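Thanks, everyone. Please have the structure open while I talk.

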Amino acid sequence: MTVHARLLPSLFVAAMVAASCSPTVDGGPVAAVRTSNVTLVQITESGAGGLGDDTPYSEKAVVAALPGFTAEGFQAATEDRTEWAIGAFNSDGFQVLHVYKGDSGRIREVHGVTHHLQGPNGERIGMTFAEIGTARGDCRVGRNLWRGMAICKARGSERVTLVYAVSQYQGPFDRLPPDDQLRKASIQRIIWKAS
């Protein structure tokens with residue numbers, strides 16, 4: 001079976017979310033993602049790369065806002081459901097962003113899904129809760145498809161959220177895990193929401 005290179009990051013993220021687990025810190029995938037410091041997109045309070053509040057929801061608009069990228073529709077999981085989104089792919093064909101449609105025909109939110117992007121404080125996919133220094137009080141427990149994950153505000157931001165998966169957490173899933181487990185949780189998505 002041949003799997004198209006564009007689908008691999010999406011399939012990896014989908015498998016991680018579906019299983020509500022995260023990479024291991026000791027020598028596993030997290031260590032591998034830290035070997036690259038290439039930043040393709042910066043997610044800030046004002047947007048994700050060239051994507052912002054005024055960007056129309058279309059593949060053409062996504063490509064125009066992200067020079068050197070391509071775009072393609074696919075289905076992806078948000079916290080509450082699976083829905084159609086636009087995937088933004090770098091020149092090597094790896095998915096960097098998920099772009100979701102809002103009610104106004106503009107983008108609603110953008111999910112960063114690769115370590116080749118940075119959040120507003122230098123956060124990268126795969127970094128741990130302890131590394132980022134996220135405050136427990138800035139977090140809530142995920143629900144539905146992100147059940148048991150920690151959903152946290154990025155430091156100093158009202159529009160950027162960090163989604164952490166807690167490795168081997170066995171519940172209860174109606175509250176955040178104990179501090180010792182939460183500190184080891186790793187970022188799976190960095191999300192920017194339009195106003």
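**Histidine 111 and its surroundings**

Start with a side-chain pair: histidine 111 makes a polar contact of 2.6 Å with the side chain of arginine 189. Keep in mind that this is a predicted model.

There is a second polar contact to show. The side chains of histidine 111 and glutamate 109 are joined by it, at 2.6 Å.

Where does histidine 111 sit? Its place is in strand S6, residues 107-112. Buried or exposed? Histidine 111 is buried, because its relative accessible area is 0%, and the cut-off for buried is under 20%.

Now the neighbours. Leaving out residues up to four places away in sequence, histidine 111 touches Thr78, Val96, Leu97, His98 and Tyr100, and also Trp146, Arg189, Ile190 and Ile191.

Next, the second largest pocket. About 250 Å³ of space lies in it. It is lined by 14 residues, and closest to its centre are Glu79, Asp80, Glu109, Arg143 and Lys193. Which strands contribute at least two residues each to this lining? S6 does, and so does strand S11, 186-193. By class, the lining has 9 charged, 3 nonpolar and 2 polar residues.

Last, a sheet. It is open, with 3 strands in the order S2-S1-S7 and mixed pairing. Strand S2 (47-48) and strand S7 (117-118) stand at the edges. Each has a single partner strand, so one side of each lacks a neighbour in the sheet. Strand S1, residues 41-44, runs parallel to S7, and 2 bridges join them. Valine 41 stands opposite leucine 117 in S7.

That's my tour. Over to you.

Technical notes
Residues numbered from 1 in each chain as written. Predicted model: local features only at pLDDT ≥ 70, side-chain atom pairs only at ≥ 80, totals over all residues. Heavy atoms only, no water. Pairing = 2+ DSSP bridges. Helix = DSSP H or I, 4+ residues; strand = E, 2+ residues; numbered from the N terminus. Buried < 20%, exposed > 50% of the residue type's maximum accessible area, 1.4 Å probe, protein only. Polar contact = N/O pair within 3.5 Å; in protein donor to acceptor, adjacent residues only side chain to side chain. Contact = heavy atoms within 4.5 Å. 1 Å grid on protein atoms, 1.4 Å probe; cavity = no way out; pocket = protein on both sides within 12 Å on 5 of 7 lines; lining within 4 Å. Points joined across faces, edges and corners; volume = space filled by probe spheres on them. Nonpolar A, V, L, I, M, F, W, Y, C, P; charged D, E, K, R; others polar.
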